[in-house]
Structure formats: structure tokens, C-alpha cells
Amino acid sequence: VVTGRYTIPEDRLYREYLDLVKKLNPNIKDLDLIHPGQVIRLPIYSPQVVRRPIEKAPPPPQAQKEEAAGEPQIEKLTRMAGDLAAIFREMGEEWVQTGKHFIPLKSGGQVDLRAESFPLLNLRSGMQVIVDLHNRLPQKLARLIGASWQNYRVVHLYAGDDLRTAFDRVVRACNYPRIFRKGEALEMEGDMGFKIRGDWIIALGQGDGGKEPAVAVINIHTQGNRASSCPGVLRSYLEGVGVKLIDYPPPEGDRSNLGEEDVEVLQGGDDPASLIGQALDLAGHEYSSQVEIPVYQSRQKDFKLIIKADFSLKAHGKDAIISLHDLGQEVVSLLKEQGFEVLSLWDESDPLAMISRTLKFIGLDCRKGPHVFTASEQGGSREIALTLPGVLFNDAEGKPVLATKLNLPGEIAAFLSQKGYRVLRLTPLSTGDVQHS
């Protein structure tokens, strides 16, 4: 195809042209092995072009100032290039800063750039961004490259740029599907909701086979402040659903060594009686189960009415019962006449509602969801908030318990445990036939 399009003699094809292909595609190890859909850069063959060294343009004023600044400025830009490379590689992009770039021009000839001074950012979208570290590439040459290839962009960095400014310059040229506005949150809806804020939130698009992240959240920290805004377990979960959290410089480590295997998730009872007993046990509230209670007897004591209470306990200082069976309106009225507090749950099938009503019956504060859990106490522009449905209450030791019907992933349960919460996992109840007393 190449020989037919450009009429390249075979000796030049195998001697010169393929050498140029290798230089243009340093990431391809074997030119005999390519894949469908793979992007390959081909040099434009033009035997009429007589190549000569490109005349050096006088350095722009900014470059002259940079040279006057001496070695410290060069070292700063070198460090900045390393920082940019680390961030973009974390995002799943390719940063090339060794060797030379050969960029053919449609008008004939090519531009040769030293990668050390002009790193090339190869994006998964096929875009290629040339980063002019020292602002030495003449504007006319930059426009010539852009006019020859629509997928090329040139970004000039300046001596006064810090890492945040430089990263913002480069990322704005990458033509990503979406870059969230400052202060705008990434919201992920579902059974578990997330609201994420960061210095930059970038929708990257889908990578090859879905292995690369779809979204990157980047926070660039000032020197001496490397604290991560997200525990490692939550970071791991988000990465599994395509959201990569990048703190730069990287934090020194997760503040907690708690792993998924160390987290105890309480399993709720599988029938109403065991579930109510478990809730009362967690609350530290004393009770008796399956107790016979005399409700009414005649003065002559020749007859009396006795009921069996599923749970007998004290509520608000009074005798009380919790019934999982239909006692009937008349019996409930008699019980109340005798001074009993009555909670009837025979017609309740939702385990969350059952726990909530029980805890409120005994006077325990019980908060219905949804509940918001933040990754840090800092808040502000770098925050991750997780929203979960369920009921919150404190156990006998004052530790908060989240009762939820969600089967939480191990990372989320570990995150809640790090925040000081216990998790009570509720499952559908087996109620059997409704009994009447």
C-alpha cells in the first residue's frame, strides 16, 4: 500500500522508509505485528524534497530570560517535566521524553524535535500534544505542525509557570470529552451515591478494553502537604468502577492499615424474632422472649385471659410488649387498659422499618437515611462524599451502627469501619404464616 501510494522503490522502502516508521512509532516493538484499529504514524515520502537543516529562529524574549536565569531555571523545568510525566502516566496516557520525534509535513519534509526539550504526550484518543518546555518552538513552526496534522497540538510553557499552571495548560490542549468546571462535582448515582470534588476532574473516555480509567480526579498538593483526601480502601473501590484518584505528590501512605479482611459485617437475623432480638441486644436493652402475660381475670378468679408476648420489656418506664403476631384490636385495648405499651409488628415485612420502629419504641434515637459519609473532615474543594441508604443508631457502647439492606463491597465496609461505624447487613425476612392469638 505504501509503495503504491508514494511509489517508493523497494530498496528505499526497506532501507530508509521503515527506519523512519520505527522512529515515528517508538512504542511499536515489531513492525511485522500490528493490530486492527491500531494508530500508526507514517512519514510522507517525497523524493523531490531536498532536506537541509532548519534555520534556527532567534529565541523569543521569554527564552532569553530563561537562559539568563541559568541552571536553576533549567533544573526547575526538568523537575516539572518529570512531575507532568508522572501525573499523565497515572491517568493512563503515554509521555515520551527520550529520543527524537519526527513529524512529517504535508507540504513535504519533516520537523525533528528532541524529546528531552519537547516531550510528546500520546493520548488514548489519538491526539498528540507537544509540550514546549522552554518556550523555544517558534509560533510559525507550531502553526505549521497544526496545519499539517489535526491531531497535533503544541503547548508552550513559560519560566514563571508552576506545576499547577503547567498541568492546566497541557490538559486544556488535550481535547478530552469533558473537564469539569472548578467547584463542579462529579456525581455518581445508584444504590451507593458518590459526589466527588477535586482540583481537576477529567472525563478521559473509555480506554482499550476498559482497563484505563474513564475519569481522573487530580489534586496537586503544595509542598509539605501530601495528605490524601481519600482512604486507600475507598480509592481502591473507585478505581474498580473507573474513577482514578491521583494525589500529587503521592501521599506517604494510608493513615490506617485496616483491610477488608479485618472488617466485621454483622449479619441481620433471617426472621422477625431473631432480627428484633438482635436490635435489642445491640442497643443493650433488656428483654424476655416468649413470655406468658395475664391480661384479664374475673374477680372470682374463675377465668383469666393470658397471651404469649414475643418480647416483654420496659419502654419509657412502663411494661411493654412487642408482638410479631396479630393480637386483635380487643386484646390490644385490654393490654393498654392494664398499663402496657404495645408495639405490633405482625404486618411489617421491611427489616429496616422493623428495626426503626423497635428502636423508637424503646426510646432510642434512630435516624433514617440516606446518610452521607465524607472521606475526610476537611471538606472544601477536595472532597469525596458517599451516600448510603439505611438506619443509623448507637449501640450499647455508643458506637454508631448502620443497618442497611445493601450488600456493601468489602472496600466500602472497610471505609465505614475506619470512620468508626459498625455495619448491620439486613436480608429479606422469612415470616411464615401470620399467627393470631
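**Helix 8 against helix 10**

I started with helix 8 (residues 272-283) and helix 10 (residues 351-361), which pack at an angle of about 45 degrees with their axes 10 Å apart. Housekeeping: this is a predicted model, where local features need pLDDT of at least 70 and side-chain atom pairs count only at pLDDT 80 or more, while totals for chains, interfaces and linings use all residues. Residues are numbered from 1 along each chain as its sequence is written, and side-chain values use heavy atoms, with hydrogens and water left out.

My helices (H or I, at least four residues) and strands (E, at least two) are DSSP runs, numbered from the N terminus. Axes are lines fitted to C-alpha atoms, for helices over the stretch in contact, and angles run from 0 to 180 degrees between N-to-C directions. Helix 8 and helix 10 are therefore oblique to each other (under 35 degrees is roughly parallel, over 145 roughly antiparallel, 65 to 115 roughly perpendicular, the rest oblique). I noted the crossing of helix 8 past helix 10 as right-handed, meaning the near helix is turned clockwise from the far one by less than a right angle.

Which residues meet here? From helix 8 I listed Pro272, Leu275, Ile276, Ala279, Leu280 and Ala283, and from helix 10 Pro351, Met354, Ile355, Thr358 and Leu359; contact means heavy atoms within 4.5 Å. By class that contact has ten nonpolar, one polar and no charged residues (Ala, Val, Leu, Ile, Met, Phe, Trp, Tyr, Cys and Pro are nonpolar; Asp, Glu, Lys and Arg charged; the others, Gly among them, polar).

I searched the whole structure and got two cavities of 30 Å³ or more. On a 1 Å grid over the protein atoms alone, a cavity is a set of points where a 1.4 Å probe fits but cannot get out, and lining residues have an atom within 4 Å of a point. Points are joined across faces, edges and corners, and a volume is the space filled by probe spheres set on them.

The largest cavity comes to about 80 Å³. Its lining includes Lys23, Arg41, His101 and Tyr152. Strand 2 gives the most to that lining, four residues. I counted the lining as seven nonpolar, two polar and three charged.

**Pro400**

Last, I checked Pro400, found in strand 22 (residues 400-404). Pro400 and Gly420 are 20 residues apart in sequence but 7.2 Å apart in space, C-alpha to C-alpha. Leaving aside neighbours within four places in sequence, Pro400 is in contact with Phe393, Asn394, Gly420, Tyr421 and Arg422.

Technical notes:
1 Å grid on protein atoms, 1.4 Å probe; cavity = no way out; pocket = protein on both sides within 12 Å on 5 of 7 lines; lining within 4 Å.
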